[in-house]
Amino acid sequence: MKYMRGSSSPARHSRNFALMDSPSLVSILTVLALIFIPISDSVPFIVLHGIADQCSHNGVKNFTQNLKRFSNAEGYCIEVGDGTWDSWFMTLDKQAAVVCDKVKKMKKLRQGYNIVGLSQGNLIGRGVLEFCDGGPPVKNFISLAGPHAGTASVPLCGSGIMCSIADSLIKSAVYSDYVQDHLAPSGYLKLPNDIPNYLEKCSYLPKLNNEIPEKRNATYKERFTSLQNLVLIMFEQDSVLIPRETSWFGYYPDGAFKPVLPPQETKLYTEDWIGLKALDDAGRVKYISVPGNHLGISISDMKKHVIPYLVDQPSFDWAPQTKSFIGEMLAFDAILTHDLLSSK
């Protein structure tokens, strides 16, 4: 019997049918399509509260719980010392070091995490981001009313023993070594009419913002610009931060209390001391203005401006048993195909 050119012999047909009956790549992919399992790549977050506050206070507790509930992400309020007292009287570099040590010990943060900062807590969070050697990577930084460029007035305190101590320290010369060592907000009090003393004596913010030319640190800038998103939320009726635009890195020009410069006109931005301009040019800085006084964010604004940067980012991966099955099937298919082809 003759066969036309291009046709197959019976033996070849037999081999083709045998190959089709073997667990071929097509059949493997069909099975895998049925057992492809989506795995949620949940990024946890931490909350760093502001001055005169603590994680156990109802406001911070409810805020953290709402973030967890709306985002379905794991979240933790990280406390420093006893909270309220230490927020006033432990220096910010020490507070940042405490948080650094804690996040490095938290197994659930090892693959990365997000930071949500409240007021002064933002400067602690940035200290962790910039100064924390060996810490887990920070993905998104969401800042609510952060005094990033400083403040020209110590945060409002009120009455009570802590406030009396704070007021006495402030009046004794804010840039003295004693005040800098004993009053946390002195580390970011930036008086426009006393910039030389600020740069020389202020213990925290000049370092954090890479403001001193001969001491600028490329590592701080590199870590800051590694953020996926920097969300800067300013409160339109904020009467605590002076000026409120510091929430966006806006501030007064050196030597004057007016006008308030937008962030893009400050030297920190134009000379890109910490990488804010680089982040902004990449579209990773979100300047957001919401109604309300200091930290008075509504649920609707929280859902609109905070939650999107905390929600789980679903990815797809093989479950462990699936990966094992793939390996076994591919190995078996390779052996069987080799035996069939060698029998030609």
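I began with L276 and listed what it touches, leaving aside residues up to four places away in sequence: F224, L230, F249, L268, Y269, V285 and Y287. The model is a predicted one, and I kept that in mind for every entry below.

**Cores**

I looked up the nonpolar core to which L276 belongs. It is the largest one, with 56 residues. L276 is among the residues with the most contacts inside it, together with I46, V99, Y113, F224, L230 and F249. Of these, F224, L230 and F249 had already turned up in my contact list for L276. I then noted another core lying apart from the largest one; it has 22 residues, including L67, L144, F235 and L241.

**The sheet**

Next I traced the strand order. Six strands make an open sheet, and I read the order as β3-β2-β4-β5-β6-β7, with parallel pairing. Which strands stand at the edges? I found β3 and β7 (285-290) there, each with a single partner strand, so one side of each has no neighbour in the sheet. For the twist I noted an average of 15° from one strand to the next.

**Strand β2**

I went through β2 (residues 45-48) residue by residue. F45 and V47 point one way, I46 and L48 point the other way, and all are buried. I46 is also one of the residues with the most contacts inside the largest core.

I checked the pairing on both partners of β2. With β3 (residues 75-77) it runs parallel and is joined by three bridges; here F45 has G75 as its bridge partner. With β4 (residues 113-118) the pairing is also in the parallel sense, over four bridges. On that strand V116 is the bridge partner of V47, and G117 stands opposite L48.

I followed the chain from β2 to β3. It passes through helix α3 (residues 58-71), and the three elements make a β-α-β unit that is right-handed. I also looked at where α3 sits: the helix packs on the sheet and touches β2, β3, β4 and β5 (138-144). The direction of α3 makes about 160° with that of β2.

**Helix α6**

I turned to α6 (residues 121-131). The helix lies across β2, β4 and β5, and runs at about 160° to β5. How many residues of α6 are buried? I counted 11 of the 11, so the helix is largely enclosed by the rest of the structure. The buried set takes in glycines such as G121, G125 and G127, along with L123, I124, V128, L129 and F131. N122, R126 and E130 are on that list too.

I looked for what encloses the helix. The buried residues of α6 pack against β2, α5 (92-105), β4, β5, α10 (205-208) and α11.

**Salt bridges**

The count for the model is five salt bridges.

E130 and R126: the closest N and O atoms are 3.2 Å apart. Both residues lie in α6, four residues apart, about one turn of the helix. E130 has a relative accessible area of 0% and is buried. R126, at 2%, is buried as well.

K221 and D272: the closest N and O atoms of this salt bridge are 3.9 Å apart. K221 lies in helix α11 (residues 218-224) and D272 in the loop between α12 (267-270) and α13 (276-281), so the pair ties together parts that are 51 residues apart in sequence.

D281 and K277: here the closest N and O atoms are 2.8 Å apart. The two residues are four apart in helix α13, about one helical turn. D281 is exposed, because its relative accessibility of 55% is over the 50% cut-off. K277, at 29%, is partly exposed.

I set two of the pairs side by side.

Definitions and conventions. Residues are numbered from 1 along each chain as its sequence is written. This is a predicted model: local features need pLDDT of at least 70, side-chain atom pairs count only at pLDDT 80 or more; totals for chains, interfaces and linings use all residues. Side-chain values use heavy atoms; hydrogens and water are left out. A salt bridge is a side-chain nitrogen of Lys or Arg within 4 Å of a carboxyl oxygen of Asp or Glu. Buried means under 20% relative accessible area, exposed over 50%, partly exposed in between (1.4 Å probe, protein chains only). Two strands pair if DSSP finds at least two bridges between them. A crossover is right-handed if, with the strands pointing away from the viewer, the path from the first strand over the helix to the second runs clockwise. Axes are lines fitted to C-alpha atoms, for helices over the stretch in contact, and angles run from 0 to 180 degrees between N-to-C directions. Contact means heavy atoms within 4.5 Å. A nonpolar core is a set of buried Ala, Val, Leu, Ile, Met, Phe, Trp, Tyr and Cys residues joined through side-chain atoms within 4.5 Å.
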